[in-house]
Structures are given as C-alpha cells and as structure tokens.
Amino acid sequence: MNIKSKLAYRLLLMVSSIWFVASLSIYIFSAEYRKEEFYRRLESKATTAARLLIEFEEVDADLLKKIESANPIQLPSEKISIFDYNNTEIFSTNIDPDIAISKDIMDQIRLEGQIDWQQGDIEVLGLLYTDRYERFVVIAAANDIFGKSKLQNLRNILIIVFLLSILIVALVGRIYARSALQPISNVIAEVNTISATNLDKRISEGNSQDEIALLGITFNRMLDRIQNAFRSQRSFISNASHELRTPMTAILSQIDVSLLKEREKQDYIKTLISVRDDVRNLNELTTKLLLLARTEAFSESFSTLRVDTIIWQLISEVAQHHPHYKIKVALSPDIDDEQQLTVAGNEQMLKSVFLNIIDNACKFSADNEVIISIAPSDKYIGIEFKDQGIGIPDSELEKITQPFFRASNAVTIRGHGIGLSLAKNIIDIHSGSMTITSTEGEGATITVKLETV
C-alpha cells in the first residue's frame, strides 16, 4: 500500500469512525427519548383513569370503560387495569394484550411507587395511586407502533447516509490524498534527479511558507552541506596528492642522480642528508594529514589538562629540534588558582595546535621569536601567540585557515598550508575559539580561548 492509499484509508477510517459514533449516538438518544415520551403518555392515561374512577363518585367501572373506549387518542393495544389494596382488579378495559402481573410485581410497585417493563412488543407501566383513604395500583400497557416505526425509519436513514458517506469520503479521500501528496511526489522526483554530477541543482521551495516548502528548504540546506563536503573532499585529495608527490619526487630524483655514477663519500653524505630532510618533511606532512582527517570524525573522550604544562613541554621539545627558536612565556598576575589553567581536552591535539602556531610564528619571523601570553578571561583561559614576522595580507586573512591555503607572501618559505586549518578544527572540537589579527610586514597575533573546568 503506497502512501496515497494509506492517507486515503486513514482519512476514510477517521471520518467513518466519527460518523459511526455520531449516528449511533443519535439513534440511542432518539430511542431513549421515544421510550421516555411513551411512558409519560402511559403515566398520564393511568393517572387520569384512576382519578376518574376513584375521586368522582358519578363515574363507575362501566362508565369509565365507555369513556376509554370512546377516547379518540387511544394507544394501540392499550390496556388499563386498577387494583385495590387486596390486589383485586376493580377496573380493566378488557382489551388484549394479556399482561402477566404477579404478586411480586404488585409489591414492587407499592414499594418503589413506579416501575416499567416490557412484555414482548408491549411496554407496561405500573404506578401507585393514593387517595385520602386507600392505595391503588394502576397498570397501563400499550404498543408504541408509531414511535417504533419512526425510530426504525431513523435507523434506516442513518444507515443509508452512513454508507453513502463512506463512499463519498472514499472518493474524496483519494482525490485529496493525491492532491495533498502531489507536492511531495514532485520533491521526490526532483531529488531523484540529483546525483554526484549535479550537486549544484536545487529543489523548488514553493511559497517558502508551508510544510512542503520547508521540506524543500531542508533538502536544499542538506544538499549545500553535501556539496561543500564533496568540494572539501576533492580539494583535500587534490592538494594532499600534490603535497605528497613533491617530497617523494624530490627523494626519487636525488636517489636516481646519485646512482647515475660513482661519487665521493661526501657527495653521498650530502645526498643522504637532503633525502633525510625530505623524509622528515614527508613524515611531518603525513602526520598533519592524518591528524586533519582524524579531526573530521573525532569521537574520543577528553581528559583534564593544564595549559601551562602543555606549553612548557612543547618549549622543551621545540628547543631540541629548533634550538634557534626563541619562545617567551608571560603568565598573567591574575592567575591565582590552577583551576584557571585547567581545561578538558585531548592532549595530543592541543599540543598539535600550539606546536603549529609556535612553528609558524618562529618560522615567519626574522628573529625566530614568539611571545606567548597566558591570561584568564571569565570562564576561559586565553593563550596569545604574538610574533614580529611577515604578517598576513588583509585580503587573505579570512582564507588563512582553509586547508592547503598559503599566504601570497609566504610561498618562498617551506610549508604545507595545513597547520592553521588543523589548529582551527581542533579548537572547534574543544568548543573554543581562535582569532587571528595581522598587519602585513609587522607580524601576526593568534589568540586561542578554551573553556576552563
């Protein structure tokens, strides 16, 4: 069953249920009203007959029979009987039906004052009539032919209308379902035409207000994200391939040149040193690429870390590989509690962030110097890295954190354009912020803020 049939079926089921309950309620209330109205008529006839016979001396049983037989509004199969305190019948119309009246029924009428019951098609009412001296039991019975006929006619009408309503609702429901779901069918058809080769295509958003329009808008936003992801993936693969190919080509070229003929020992040593540098460069690039890919699907848990400890560890490690780098650290005097320096994070990743920023600051500065300032700010710890290097052109400042992007004034200096992109991704994972301010030729300042625990 497709969605159109399901919608039409549910609409039919809902309307049919409501109409069935409404029809049943109408019939039940009408039947109850007929019964109450008919018993009121029986009560009126019984009371009138008892009053005439008991309260008026001029009226005896024979005269009352004549009065009742001459009554033009007599009910079908009507019978009225009156009994004295000894349960002796003192009056009866002597008309069928024969009503079975036991002593128990008489006692119940005297006890409750009034009861009613049904004997076949005949409805019977028994009531207690009291005058100044005696108590009489009056039984009135009749067949409500006309009332039942009207009730049966109402039942037939309700059944016919109910069946016709189901038929009409079924037809209208299918038309409504087709009309209501047509926009969704159009959206599905449009979505099916979109593939990896035409991700720039978008779905019609209609009036941009109803639910179908919102569905189209949601699909388009999802397509934007998918398209951006595809572009990023293609760019990453293209740039990574290029970056990996360059050092590998240099290594192979140097090895091939060395093997062309026999050379002096110093030539081989020089070549091996150059190859070693290229291998280190390749290893560094590969590590950054793997870490960049790791940040795209990060699902590891955080631990409690002290920012200053990570900084001091990095300074020691950097000094071993780059002894000419000058790193200065300034702790704010406002730090009076180690909690102000404690954050929740991944140690390896935060080390990578700070190492990349320190390496860039020293590498692009003539004096190879960076000043690190650590200061608390509300619930955050701020780490500022300031250098006096070549800076970043204003027009390229917004692009500097894109993967593999390198500033135009840095193309002559060795690098891959991954460090700042990797740093920003890691800081985003840690729910922190990274801002970059720079003036070309005067240096750059990178400020990282992390939430303290």
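# Exercises on a predicted model

In helix H9, which spans residues 419-429, the buried residues are Gly-419, Leu-420, Ser-421, Leu-422, Ala-423, Ile-426 and Ile-427. The model is a predicted one.

## Exercise 1: helix H9 and its partner H8

Task: Describe how H8 and H9 cross, and state which residues make the contact.

Solution. 

Step 1. Two packed helices are described by the distance between their axes and by the angle between those axes.

Step 2. The axes of H8 and H9 come within 9 Å, and they cross at roughly 145°. The crossing of H8 and H9 is left-handed.

Step 3. On the H8 side, the contact is made by Met-349, Leu-350, Ser-352, Val-353, Asn-356, Ile-357 and Asn-360. On the H9 side, Gly-419, Leu-420, Leu-422, Ala-423, Ile-426 and Ile-427 take part.

Step 4. Sorted by type, the residues of the contact of H8 with H9 give 9 nonpolar, 4 polar and no charged.

Step 5. Look back at burial in H9: Gly-419, Leu-420, Leu-422, Ala-423, Ile-426 and Ile-427 are among its buried residues.

Step 6. Now move just past the end of H9. There, Ser-431 takes a positive phi of about 55°.

## Exercise 2: aromatic pairs

Task: Classify the ring pair Phe-38 and Tyr-39, and then the ring pair Phe-354 and Phe-385.

Solution. 

Step 1. A search of the whole structure finds 3 aromatic pairs.

Step 2. For Phe-38 and Tyr-39, the ring centres are 6.5 Å apart and the planes stand at 65°, so this pair is edge-to-face. The cut-off used here is that planes over 60 degrees apart count as edge-to-face. Phe-38 and Tyr-39 are buried.

Step 3. For Phe-354 and Phe-385, the ring centres are 5.9 Å apart and the planes stand at 35°, so this pair is tilted.

Step 4. Phe-354 belongs to helix H8 (residues 347-363) and Phe-385 to strand S10 (residues 380-387), so the pair ties together parts that are 31 residues apart in sequence.

Step 5. Phe-354 is buried, its relative accessible area being 0%. Phe-385 is buried as well, with a relative accessible area of 1%.

## Exercise 3: salt bridges

Task: Locate the salt bridges Asp-144 with Arg-34, Glu-317 with Lys-351 and Glu-347 with Lys-351.

Solution. 

Step 1. The whole structure holds 11 salt bridges by the search.

Step 2. In the salt bridge of Asp-144 with Arg-34, the closest N and O atoms are 2.8 Å apart. Asp-144 sits in the loop between strand S5 (135-142) and helix H4 (145-192), while Arg-34 is in helix H1 (residues 3-55), so the pair ties together parts that are 110 residues apart in sequence. Asp-144 and Arg-34 are both buried.

Step 3. Turn to Glu-317 and Lys-351, whose closest N and O atoms are 3.8 Å apart in their salt bridge. Glu-317 lies in helix H7 (residues 307-321) and Lys-351 in helix H8, so this pair ties together parts that are 34 residues apart in sequence. Glu-317 is partly exposed, at 37% relative accessible area.

Step 4. Lys-351 also meets the side chain of Glu-347 in a salt bridge, at 3.8 Å from N to O. Glu-347 and Lys-351 are separated by about one helical turn because they are 4 residues apart in helix H8. Glu-347 is partly exposed, with a relative accessible area of 33%.

Step 5. Finally, look for shared partners: salt bridges of this kind join Arg-34, Glu-123 and Asp-144 into one network.

Notes. Residues numbered from 1 in each chain as written. Predicted model: local features only at pLDDT ≥ 70, side-chain atom pairs only at ≥ 80, totals over all residues. Heavy atoms only, no water. Buried < 20%, exposed > 50% of the residue type's maximum accessible area, 1.4 Å probe, protein only. Helix = DSSP H or I, 4+ residues; strand = E, 2+ residues; numbered from the N terminus. Phe/Tyr/Trp six-rings, centres within 6.5 Å; stacked < 30°, edge-to-face > 60°. Axes fitted to C-alpha atoms, helices over the stretch in contact; angles between N-to-C directions. Left-handed = near helix turned anticlockwise from the far one by under 90°. Contact = heavy atoms within 4.5 Å. Nonpolar A, V, L, I, M, F, W, Y, C, P; charged D, E, K, R; others polar. Salt bridge = Lys/Arg side-chain N within 4 Å of Asp/Glu carboxyl O.
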